[in-house]
Amino acid sequence: MTVSRSLPTSHHAADLLAKVRARRPRVHCLMNTVVQKFTADGITVVGGIPSMTSSRDEIADFVAKADALTINLGTLDAERRAVIRIAVEIANAAAKPWIVDPVHCDYSRGRLEFARELIALGPTIVRGNAAEMALITDTRASLRIQTGPVDLLSDGQRAVSIQNGHGWMAQVTGTGCLSGGVIAAFMAVEKDALLAAASALAVTGCSAEMAAQEAKGPGSFEPAFLDALANITTENIRERARISHESC
Amino acid sequence: MTVSRSLPTSHHAADLLAKVRARRPRVHCLMNTVVQKFTADGITVVGGIPSMTSSRDEIADFVAKADALTINLGTLDAERRAVIRIAVEIANAAAKPWIVDPVHCDYSRGRLEFARELIALGPTIVRGNAAEMALITDTRASLRIQTGPVDLLSDGQRAVSIQNGHGWMAQVTGTGCLSGGVIAAFMAVEKDALLAAASALAVTGCSAEMAAQEAKGPGSFEPAFLDALANITTENIRERARISHESC
Amino acid sequence: MTVSRSLPTSHHAADLLAKVRARRPRVHCLMNTVVQKFTADGITVVGGIPSMTSSRDEIADFVAKADALTINLGTLDAERRAVIRIAVEIANAAAKPWIVDPVHCDYSRGRLEFARELIALGPTIVRGNAAEMALITDTRASLRIQTGPVDLLSDGQRAVSIQNGHGWMAQVTGTGCLSGGVIAAFMAVEKDALLAAASALAVTGCSAEMAAQEAKGPGSFEPAFLDALANITTENIRERARISHESC
């Protein structure tokens, strides 16, 4: 059955950001150790409440409290795989949205196999760069996102591109991981994954553009980006968001 | 036997900060991976020397070299619990001051049980937010601190409140962990835990206020906060510190 | 057989930086969790591509893809030792350059023993501060570097000192680890380890001086340092680099 669904606009982006700021969703992150603080800061300044444990003894309690989940495949070992499987099982049983980022699955066969295992469990969203997504062909994810200078989103019925952002994002380790956390926060307040993700990516990309105007390089861009995520207004989003509808 | 003791003032805060800067105490941190660098930077700029290992093979050597210890319960697993127990045993045997932060013990039963186990071992200080401290009722800590917009300190004989700080502290992951490290540095130069902790919290809170004047949001607040901790003067502390004595 | 070799100048530093920016070498980092992001950001802004996993299941794939390796002994445990041994074996078999930083080997006997084991395996470079290097007497490294206010480099035939940098580097956790990553990136484009390391340390030190002019303290120094590493020009290097040739 094909259901008629909305196509995302800057209005959705501003509206969902306001909801995140008002409702303060809890986002649990299974995140490599490199970018944990940056991701937690990004979720916090956009309005959510992050948590980060990847301990097997604690994961069930934390996922049970969370409204959405973001999973990043950095620094995988057997323990971490086991913890991620527990987290996904709980999220699926409680119908909580989750996004998986198969980061560097093009570097390591083991990581690719685990990425495919996870994606077969039905994430709400799978998101990667072009090299990663080329390897993720058979997916049960509701929504596929390929990020890059232009972000491409597709749920089979609708296709959308987002042309926001700045080149310095690629020079700051973890901006992709952070945006995965922001997408999770938006999914917690909007069931339509395409609306949620397009809005989150537009807000993130517009914030990056605002930050670049304040910064002198990729170092000062990082705090400026967090400032912009905290301070971005409905007007900023309306002026800057470049969300286009593509044919599927 | 009740001993007459000083009540903390801005004079103590400035005096102890000068001692930390002169003596450069070593602070060993058992800290979750999220906030390790921020905490290490905070301890360094205030004048201390941080170390961070949580490896079972190394913990004894590092705690033996340290002048004080800060323990944060993030990302607990069996290995980490074992390491923390070793660290506490060495600290207690050598009468080194230690502070425990039962972070998110209200999220997970396992974390709460471990927090209670630790607190029964007689930390110098237990410090948490209102939700956490409500669960920490039976404590052998010399000093209890409840942090929030107003910090409340009590050692049974004396009660003190600190009204410094800024709302952006809550938007930067790890400011609480960092202030636990700063408290440990102050305990290394002052045996009276209430004087040490009240001074450390006043210095931290005044620095946050100074940083907020320089910053445009929570992102730029973070480096400005480290700048202020490094640059704060006796005069800044005298002008800003709001330390009040409460009835017990 | 003694081979006549070049002595490094600011010309080499500028030339090798241009090569790093053009060729974008991959640097795999076995790095303690405290400084992973800062090191990754430093490698990225200077022109390289960092990776960070220390999982036993993944290390072989990542080292095989890398052009150079940096190994930091923070937070050592049995698993981490095993992973480092695998990484070194692969690097040696493929003649990839690697640098080892025996950080805090003066704190822990176990760490010192492991540092000595690694250094017997023939790293391209061993680099530490004065206290650490005093314990590393018998080395098969091609190049020894003692870092401090003045950096001293010696490969047995040539000795060089670098007098660049700023005191705030010592107040930002991880600047040494970051510079180890930058040295690895330079080794990936220049086989002569002394030329590579002297150039990398000159670029890093000049960038720190430029950053200090922009910053108000060690907090704002950190993003300014990354900006400077990204923006530093050939002219900046020629004006600032202080590379001296010493008698062996």
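Contact here means that heavy atoms lie within 4.5 Å of each other. By that rule, 24 residues from chain B and 24 residues from chain C take part in the contact between these two chains. This is a predicted model, in which local features need pLDDT of at least 70, side-chain atom pairs count only at pLDDT 80 or more, and totals for chains, interfaces and linings use all residues. Residues are numbered from 1 along each chain as its sequence is written, chains are lettered from A and ligands numbered from 1 in the order in which they are written, and side-chain values use heavy atoms, with hydrogens and water left out.

**Interface of chain B and chain C**

- The size of an interface is often given as the accessible area lost when the parts come together.
- Chain B and chain C bury about 2000 Å² between them, and 49% of it is on carbon and sulfur atoms; buried area is the accessible area (1.4 Å probe) that two parts lose on being put together, summed over both.
- There are 4 salt bridges between chain B and chain C, a salt bridge being a side-chain nitrogen of Lys or Arg within 4 Å of a carboxyl oxygen of Asp or Glu.
- Glu214(B) and Lys216(C) form a salt bridge through their side chains, at 2.8 Å from N to O.
- Between chain B and chain C, 14 residue pairs are in polar contact, both residues being at pLDDT 80 or more. A polar contact is a pair of N or O atoms within 3.5 Å; within protein, one must be able to donate a hydrogen and the other to accept it, and residues adjacent in sequence count only if both atoms are side-chain atoms.
- On the side of chain B that touches chain C, the elements giving two or more residues are α2 (36-46), α3 (59-65) and α9 (218-231) of chain B. Such helices (H or I, at least four residues) and the strands (E, at least two) are DSSP runs, numbered from the N terminus.
- With 6 residues, α2(B) gives the most to the side of chain B that touches chain C.

**Interface of chain A and chain B**

- In this interface, 24 residues of chain A are in contact with 24 residues of chain B.
- The area buried between chain A and chain B is about 2000 Å², with 49% of it on carbon and sulfur atoms.
- The rule finds 4 salt bridges across the interface of chain A and chain B.
- Lys37(A) forms a salt bridge with Glu222(B), and their closest N and O atoms are 3.1 Å apart.
- Polar contacts link 14 residue pairs between chain A and chain B, with both residues at pLDDT 80 or more.
- The side of chain A that touches chain B draws two or more residues from each of α2 (36-46), α3 (59-65) and α9 (218-231) of chain A.
- The most is given by α2(A), with 6 residues on the side of chain A that touches chain B.

- UniProt, in an unreviewed entry, places the feature "binding site" at Arg127(A) and Thr147(A). Its positions are given in the numbering used here, feature names are shortened, and annotations may be inferred rather than shown by experiment.
- These two positions span 21 residues in sequence, yet no two of their C-alpha atoms are more than 7.1 Å apart, so they gather at one spot.
- Arg127(A) belongs to strand β5 (residues 125-128) of chain A.
- Arg127(A) counts as buried at 3% relative accessibility; buried means under 20% relative accessible area, exposed over 50%, and partly exposed in between (1.4 Å probe, protein chains only).
- The side chain of Asp101(A) makes a polar contact with the side chain of Arg127(A), at 3.0 Å.
- Thr147(A) sits in the loop between β6 (143-146) and β7 (151-154) of chain A.

- Met52(A) lies in the loop between β2 (49-51) and α3 of chain A and is buried at 9% relative accessibility.
- Beyond residues up to four places away in sequence, Met52(A) touches several residues, including His28(A), Gln36(A) and Val34(B).
- Gly174(A), in the loop between β8 (159-162) and α7 (175-187) of chain A, is buried with a relative accessible area of 10%.

**Backbone of chain B**

- Ala95(B) is a residue other than glycine with a positive phi, near 55°, and is exposed with a relative accessible area of 66%.
- His104(B), which is not a glycine, has a positive phi of about 60° and counts as partly exposed at 23% relative accessibility.
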